[in-house]
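Hi everyone, thanks for coming. Please have the sequence and the 3D view open while I talk.

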Amino acid sequence: MVHKDTRIGKTEKGRGRLVLFAIQTLCAFFLFSLLYTELSFKGTTTSQQIKLDIMITGRQIISDWKPDDISNAVKKETSPEVKKNMSAAVKKNDRNQSLQFLLTRLVGGEDRIKLDSTGFACDKSLSSVICVANKAVKIDMSKNQVHLQPPDTPAAGNTTTVVRPYAMQESPYVMNYITPVTITTTTTDPAPLTCDHNHQHPAVIFSTGGYTGNLFHEFNENIIPLYITTRLFRSKVHFVVVDHKPSFLQKYRRVFPRLSDHEIINPATDSSVHCFPGAVIGLKFHKFIGINTSENPTDYYSMPDFRQFIRQTYKLKTKTVFETQNPPVLLLISRQKTRKFLNQAEMVQMMEELGFRVIIASNDKEMSNVEKFSRVINSCSVMVGAHGAGLANEIFLPDGGVMIQVRPLGFQYGTDAFYSEPGPGMGLRYLEYLIEPVESSLAEVYGLDHPVVADTASVAAKGGYAAAREIYLNKQDLRINLNRFRATLVEALGFIGRHSDVANAR
């Protein structure tokens, strides 16, 4: 018995030593892990730190939701079952955080404070009006009504706001034809709406009415504002389109799927109630054919970003003018109704003598095919045209390309803001050729001494914008002075790096 008790005692002591050794080993391992994590944080990139933080805290600490970072980290460090549950929980949490964060970034100043406190605010500081709800909404498509969540306290009362969701609000004529959308909070509705469709991503409501059908206005008031408003959501939005124009949506069918992962909702053919975790009513407008980077969420988008987006959308291969063909290609926008070039054949001959290969664009049907025509423009180094919507095709020129605007006599509204100012923001060179009175067909009709030709400002002073537009845009053609215009083309050759051609041209 004594020998048996002794063996038991020795065994218990051995077990004690094993337990002590295990505890010491675990402590050492724990301390080593802490030290390794600290060193890893100091030596990793931001994205690596995010992954490490996910594993330690179970959630992402930055506001921008990056599901790939989350899923990759989870895959590496957890078992399949734990990974599945953890990933779903983290994604749901961060998706909600990201949604709130991104919706908030669409407004600023007092509007942002109001949005944070009430869940709804409208920004009317620019030419556009944009309203944002960062809480759940119900949209009655049959009535174009957005129903907000009731306020937390009855004292907050009900709110009703009517918005015509078009980017440019400054034209009363256009706005009369934009369908209004009513945004309301109802606290005493005896029969609250029930959701026919539940969506995980917010709604963006906008109109395709207005001046669609005109390339300049399509980009100025629809495509660029839509990009500004929705790009930061990374396609996780639903488009609800009032004044639904199938021709416009078909024309830009390559653009919309790159900004939204979902089918476009047409309220005119949908009488159901759709529920969303948030909504944006209206589109942000910054300036003519441009983006103000200072008014955007940091690191999200600029005009060069938009141009890259367009290049990718339409698979445009030429990024810079130095990748274009030699001899350089010049695209001539040839108007057929107003502001025609009366000596176009002589202009083309002179352009070819300078070393250009000339493409003449005159068919409206061909130019309206954005997919094909954008590739033609992207292969060109220089684009020439009289003031008009066709000059908006400069968006498709490669970086460093030259756009030459021929400015007609008299009418100067928009000639700078529409085309000369946006060009440099796109990475383009801008030149202009201002015709002299003798180059205008109006001189043949009225004579050089008539006020319509000699005192163009008097026409606008007497008859206003409508009178000036009617005479100087709708009733004027151009006969270009080839010697004067030649100097402008030689300057363009210098900009695109064809110095040898410039020397020969002189």
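Let's start with a question: is C275 buried or exposed? C275 is buried, with a relative accessible area of 7%. Here buried means under 20% relative accessible area, exposed means over 50%, and partly exposed lies in between, using a 1.4 Å probe and protein chains only.

A quick word on where this comes from. This is a predicted model, where local features need pLDDT of at least 70 and side-chain atom pairs count only at pLDDT 80 or more, while totals for chains, interfaces and linings use all residues. Residues are numbered from 1 along each chain as its sequence is written, and side-chain values use heavy atoms, with hydrogens and water left out.

Back to C275. A disulfide (a pair of cysteine sulfur atoms within 2.5 Å) joins C275 to C195, with 1.8 Å from S to S. The angle about that S-S bond is -90°, and the link of C195 and C275 is left-handed. This pair links distant parts of the chain, 80 residues apart: C195 sits in the loop between β6 (181–185) and β7 (197–198), and C275 in strand β10 (residues 273–276). Strands are DSSP runs of E, at least two residues long, numbered from the N terminus.

How many disulfides does a search of the whole structure find? The search finds 2. The other one is formed by C122 and C131, with their sulfur atoms 2.0 Å apart. That link is right-handed, with 105° about the S-S bond. C122 is buried at 14% relative accessible area, and C131 is buried too, at 0%. Counting bonded cysteines along the chain, the pattern is 1-2, 3-4.

A cavity is a set of points, on a 1 Å grid over the protein atoms alone, where a 1.4 Å probe fits but cannot get out; lining residues have an atom within 4 Å of a point. There is 1 cavity of 30 Å³ or more, and the largest cavity holds about 30 Å³ of space. Which elements give two or more residues to its lining? They are β4 (145–148) and β9 (238–242). Residues lining the largest cavity include I139, M141, V146 and V242.

Key
Helix = DSSP H or I, 4+ residues; strand = E, 2+ residues; numbered from the N terminus. 1 Å grid on protein atoms, 1.4 Å probe; cavity = no way out; pocket = protein on both sides within 12 Å on 5 of 7 lines; lining within 4 Å. Points joined across faces, edges and corners; volume = space filled by probe spheres on them.
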